[in-house]
Number of protein chains: 2
Amino acid sequence: MLKINADRLLNDLKQLRSFGAASPGVVRLALSPIDMESRRWLADRMSDAGLDAVVDGVGTVFGRSRKSGAALLIGSHTDTQPTGGWLDGAMGVIYGLEIARALAESKETSHLAVDVASWSDEEGTFAGFLGSRSFIGEPVNETIARARNREGQWLKDALETAGLTGAPRVRLERGRHVAYMEPHIEQGGRLEATGKSIGVVTAIVGIRELRVRFTGQRNHAGTTPMSIRRDAGAALVGFIARMNEAFQQLVASDTVWTVGRIDLDPGSLSVVPGQADMYLQFRDANAARLLAMEQKLAELVRDFNSEGGVGAALATLHEPEEPVTMDKALQEHLANASEAAAPGQWVRMPSGASHDAQLIARHIPACMLFVPSIGGVSHDFIEDTAEEHIVLGCQVAATAAVAILQEMTARRS
Amino acid sequence: MLKINADRLLNDLKQLRSFGAASPGVVRLALSPIDMESRRWLADRMSDAGLDAVVDGVGTVFGRSRKSGAALLIGSHTDTQPTGGWLDGAMGVIYGLEIARALAESKETSHLAVDVASWSDEEGTFAGFLGSRSFIGEPVNETIARARNREGQWLKDALETAGLTGAPRVRLERGRHVAYMEPHIEQGGRLEATGKSIGVVTAIVGIRELRVRFTGQRNHAGTTPMSIRRDAGAALVGFIARMNEAFQQLVASDTVWTVGRIDLDPGSLSVVPGQADMYLQFRDANAARLLAMEQKLAELVRDFNSEGGVGAALATLHEPEEPVTMDKALQEHLANASEAAAPGQWVRMPSGASHDAQLIARHIPACMLFVPSIGGVSHDFIEDTAEEHIVLGCQVAATAAVAILQEMTARRS
């Protein structure tokens with residue numbers, strides 16, 4: 001079993017935490033001065049580990065092993081949300097760095113190639129998944145020309161300020177990059193609630209985001225009898241109850257759906273709402289179930305409209321994101337490594353959040369593993385994971401990495 | 001039967017409409033330059049009608065009859081909402097003016113006294129019901145010192161600009177003012193829906209305004225399983241359903257309740273709401289019923305909290321407004337006049353909206369009559385009433401005014 005250096009791992013994570021520290025959290029928005037500082041630090045650490053390191057033309061930090069043959073790519077992201085936790089994606093990147101170092105230190109594994117990536121702007125400060133999109137060959141020039149952050153800064157200007165204009169962009173190397181592994185914190189409370197230490201990800205869920213707009217009649221809330229009202233807000237509330245009931249018949253235990261926003265118009269206590277909007281998101285690892293939920297919603301809207309009174313209209317808020325299954329063979333490697341390091345203390349589970357892995361999985365086999373988030377907290381300064389879980393996760397990832405590379409190498413020879 | 005002059009009535013209403021015209025509506029915010037211009041025009045019309053007219057120290061236009069003895073006070077308001085209808089309160093004021101003129105023109109009624117008022121700032125541009133509050137002797141100096149409009153203008157500055165600082169304030173004259181009548185548009189759709197032409201108001205409803213705040217746990221909408229969520233928004237939706245069911249057991253056909261505003265926090269599609277506020281208003285003409293609804297709501301909140309999970313907290317948004325019963329004898333006069341002018345075409349009904357009458361009714365017998373609002377529309381530029389209904393309402397008010405004054409005069413002699 002490949003032996004990782006827990007102290008070195010934790011020490012690097014703590015050093016990275018100092019860039020943009022907002023104790024106990026971190027603010028490291030993609031391509032900001034402090035983010036670029038941390039990227040140069042990370043590239044130096046990769047170089048120290050014997051990797052050929054660059055910050056590429058979109059901001060991705062990429063450490064390429066000098067070993068030839070099949071390479072396992074390990075990565076995640078070191079940029080954060082405006083109120084970022086210290087681990088989030090940073091943990092997975094430092095796992096990759098530590099595994100590359102540990103592989104080099106052991107005679108039995110020093111021939112194995114691990115490339116390490118910190119993808120640019122995973123969190124969407126300018127354009128979500130910019131680094132991994134560029135890596136898999138999506139045309140990102142238009143995105144770079146048009147994207148801005150919340151302060152109105154153009155992405156192309158941010159890249160220029162960062163000194164990256166014209167720098168080469170790292171690309172997926174077919175033949176070399178045989179698999180991708182992304183370790184990450186769970187960002188939810190499932191592992192903690194079930195007392196498990198490792199999650200082997202089965203799939204990254206697909207997402208639908210829709211709006212249902214109810215159109216009734218705005219009226220005086222004092223002079224309009226209940227019997228002649230066309231209250232869009234009351235219609236919305238009734239519709240949600242129906243929807244919840246209908247979804248209960250369709251969903252699995254992992255399905256989630258959320259009404260995150262409700263707008264009543266005009267939003268005054270003295271006025272019967274004439275318009276009401278509900279914003280709905282649902283996620284599931286099963287594409288057929290997402291489709292069934294979408295169809296059910298459309299059916300509920302049709303039924304609602306056939307009753308007269310208040311009208312309802314369904315609108316798609318953005319392109320559907322389809323679920324992405326993690327590679328079965330890679331899952332098995334992670335499962336075996338988990339069982340070896342923490343017998344009975346791991347579980348298979350979907351990822352409810354989006355990750356760079358869902359893009360890279362379109363091109364090469366990909367897998368993810370999770371460690372528990374304390375209190376299920378994520379995207380918050382107080383996000384944290386127990387040190388023993390951080391170390392355990394890296395050990396599992398390292399063990400699996402060796403097994404994956406040995407299998408890949410054996411298959412080729 | 002006292003004969004009113006329909007052409008003169010409609011002509012005055014149309015002239016008043018030209019002040020602040022925003023065709024087909026009117027913008028005449030209390031104490032604005034155009035409102036003051038209309039007030040001076042109104043005072044001139046009152047003088048022409050033989051009344052002693054003033055614009056008083058708070059902006060109320062008051063036309064006092066030169067006849068001695070018991071006087072009937074007829075009034076309403078000529079200020080408007082930011083998107084005002086042309087009739088609203090203006091109609092009742094011009095009814096008063098026309099009735100004063102009609103009384104003076106007939107030998108049998110020329111001894112009867114009608115005073116006419118257009119109360120200042122009924123709509124609450126600075127401070128709702130300012131004119132009628134001042135008239136009944138409420139201490140309004142503090143209000144004048146502290147009230148501002150939406151643009152931040154101080155009420156005291158607006159009064160100064162209007163040239164009213166230091167002007168005398170008209171007061172209720174006990175002994176003289178024996179009754180108050182306020183004609184008004186219905187502002188709802190009940191008369192139209194039932195094909196009636198006149199509403200005799202039984203009471204002005206009381207109002208409660210409350211907020212229920214739900215406190216759960218803000219969480220990632222992708223990574224937090226439904227089973228461990230504490231979704232404040234979902235709790236709010238479920239609570240409204242329970243509340244509606246419970247209220248159905250308590251209410252009468254005239255009771256109204258409205259959830260006019262809902263705020264989910266943080267209001268993002270990707271975040272399970274950690275806090276959710278619902279703003280509730282309910283109105284009823286029966287004080288006991290309002291109390292029962294308030295108690296039921298508190299009970300529902302207690303029950304909800306006993307279930308654990310998401311917490312609920314009830315907050316009162318402002319002082320309760322209790323219902324005000326219209327004087328029974330005055331109602332009878334209006335009913336008799338309605339039956340005479342429009343047999344079978346009138347109905348008794350509560351006023352769901354607030355009116356100056358609810359303040360004046362604390363001191364002298366008061367009554368109100370309604371004419372139909374087309375489409376039930378109010379506080380909107382397109383508010384309107386059929387001309388035949390405008391004229392009919394004035395005829396009913398005039399007939400009732402004579403009967404009321406004859407009875408009052410007979411009682412005294």
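These legends walk through close-up views of a predicted model.

**View 1. A four-stranded open sheet in chain B.**
Here the strands run in the order E11-E13-E9-E14 of chain B, with antiparallel pairing. E11 (256-265) and E14 (311-316) of chain B sit at the edges with a single partner strand each, so one side of each has no neighbour in the sheet. Going from one strand to the next, the twist averages 20°. Helix H8 (residues 232-248) of chain B packs on this sheet and touches E9, E11, E13 (275-284) and E14 of chain B. The direction of H8 makes about 20° with that of E13(B).

**View 2. Where E9 meets E14 in chain B.**
Zoom in on strand E9 (residues 206-215) of chain B, which pairs with E14(B) in the antiparallel sense over 6 bridges. Look for Phe214(B): it stands opposite Ala312(B) in E14(B).

**View 3. The contact between chains A and B.**
Now for the place where the two chains meet: 44 residues of chain A are in contact with 44 residues of chain B. Several elements of chain A give two or more residues to its side of this contact, among them helix H7 (190-194), helix H8 (232-248) and strand E13 (275-284). The largest share, 7 residues, comes from E11(A). By type, the residues on the chain A side divide into 19 nonpolar, 19 polar and 6 charged.

**View 4. The axis relating the two chains.**

**View 5. Two cis peptide bonds.**
In chain A, the bond from Ser23(A) to Pro24(A) is cis, with omega near 0°. Pro24(A) is found in the loop between strands E1 (21-22) and E2 (25-26) of chain A. Over in chain B, a cis peptide bond joins Asp265(B) and Pro266(B), with omega about 10°. Pro266(B) belongs to the loop between E11 and E12 (271-272) of chain B.

Asp88(B), a residue other than glycine, has a positive phi near 35°. Its loop runs between strand E5 (71-76) and helix H3 (90-105) of chain B. Buried or exposed? Asp88(B) is buried, with 27 other C-beta atoms within 10 Å. Phe129(B) has a positive phi too, near 65°, and lies in the loop between strand E6 (113-118) and helix H4 (130-135) of chain B. Phe129(B) is buried, with 25 other C-beta atoms within 10 Å.

Note on methods. Residues numbered from 1 in each chain as written. Chains lettered and ligands numbered in written order. Predicted model: local features only at pLDDT ≥ 70, side-chain atom pairs only at ≥ 80, totals over all residues. Pairing = 2+ DSSP bridges. Axes fitted to C-alpha atoms, helices over the stretch in contact; angles between N-to-C directions. Contact = placed C-beta atoms within 7 Å. Nonpolar A, V, L, I, M, F, W, Y, C, P; charged D, E, K, R; others polar. Buried ≥ 20, exposed ≤ 12 C-beta atoms within 10 Å, placed from the backbone.
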